[in-house]
Amino acid sequence: MKKNYLSLLLVGFLFLSGCETIGGASSSSDSPSFDGDSKQANLQAYLQNEIGDRVYFETDKHNISSASAFVLESQANWLKSTPGFQLIVEGHCDERGTREYNLALGERRGNSVKDFLVSLGVDAGRITVISYGKERPAAEGSTSESWSENRRAVTVVGSN
């Protein structure tokens with residue numbers, strides 16, 4: 001009897017643990033996930049983990065460095081071989097400077113990335129630029145390390 005009980009308990013545990021993985025990748029939002037959202041999340045994860053979704057800038061600059069050019073060349077190659085979705089290039093700044101100045105600088109950073117990708121053959125119609133200025137920091141704090149992490153442009157997979 002005890003052996004049957006343990007077997008039944010083990011089968012029940014395996015059944016329940018198997019149910020947790022049904023439905024694929026989980027979403028961090030509270031909204032339900034649809035096939036388009038799942039594809040978008042998978043593309044974003046691939047971009048972020050395998051290619052690189054962000055480039056960094058010097059203080060008060062919006063020019064593309066050689067390290068950034070390498071990342072953007074990889075992005076362009078992937079984008080040209082993977083049609084069917086839009087991109088959003090987010091321009092970001094560190095906390096220093098006024099809100100207006102940082103919004104304008106973030107826009108210049110985003111446009112620099114867009115222009116670079118377009119120069120490598122990515123369709124300009126696929127790319128939208130938005131500036132968040134200093135409103136969405138990647139790193140909190142007022143140190144040179146956090147400031148350098150916040151001076152960035154992030155490529156985000158958008159909807160179709």
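## Strands 2 and 4

In this predicted model, strand 2 (residues 87-92) and strand 4 (residues 152-157) pair in the antiparallel sense through five bridges. Strands are DSSP runs of E with at least two residues, helices are runs of H or I with at least four, and both are numbered from the N terminus; two strands pair if DSSP finds at least two bridges between them. Leu87 has Val157 of strand 4 as its bridge partner, and Val89 stands opposite Thr155 in strand 4.

Five of the six residues of strand 2 are buried, so this strand is largely enclosed by the rest of the structure. Buried means under 20% relative accessible area, with a 1.4 Å probe and protein chains only.

The open sheet has four strands in the order 1-4-2-3, with mixed pairing. Its edge strands, each pairing on one side only, are strand 1 (54-56) and strand 3 (127-133). From one strand to the next, the twist averages 20°.

Strand 2 and strand 3 run parallel and are joined by six bridges. Gly91 stands opposite Ser131 in strand 3.

## Helices on the sheet

Helix 3 (residues 66-81) packs on the sheet and touches strand 1, strand 2 and strand 4; contact means heavy atoms within 4.5 Å. The direction of helix 3 makes about 160° with that of strand 1, where angles run from 0 to 180 degrees between N-to-C directions and axes are lines fitted to C-alpha atoms, for helices over the stretch in contact.

Helix 4 (residues 99-119) lies across strand 1, strand 2, strand 3 and strand 4, at about 155° to strand 3.

## Basis of the description

Residues are numbered from 1 along each chain as its sequence is written. In this predicted model, local features need pLDDT of at least 70, side-chain atom pairs count only at pLDDT 80 or more, and totals for chains, interfaces and linings use all residues, while side-chain values use heavy atoms, leaving out hydrogens and water.

Conventions:
Buried means under 20% relative accessible area, exposed over 50%, partly exposed in between (1.4 Å probe, protein chains only).
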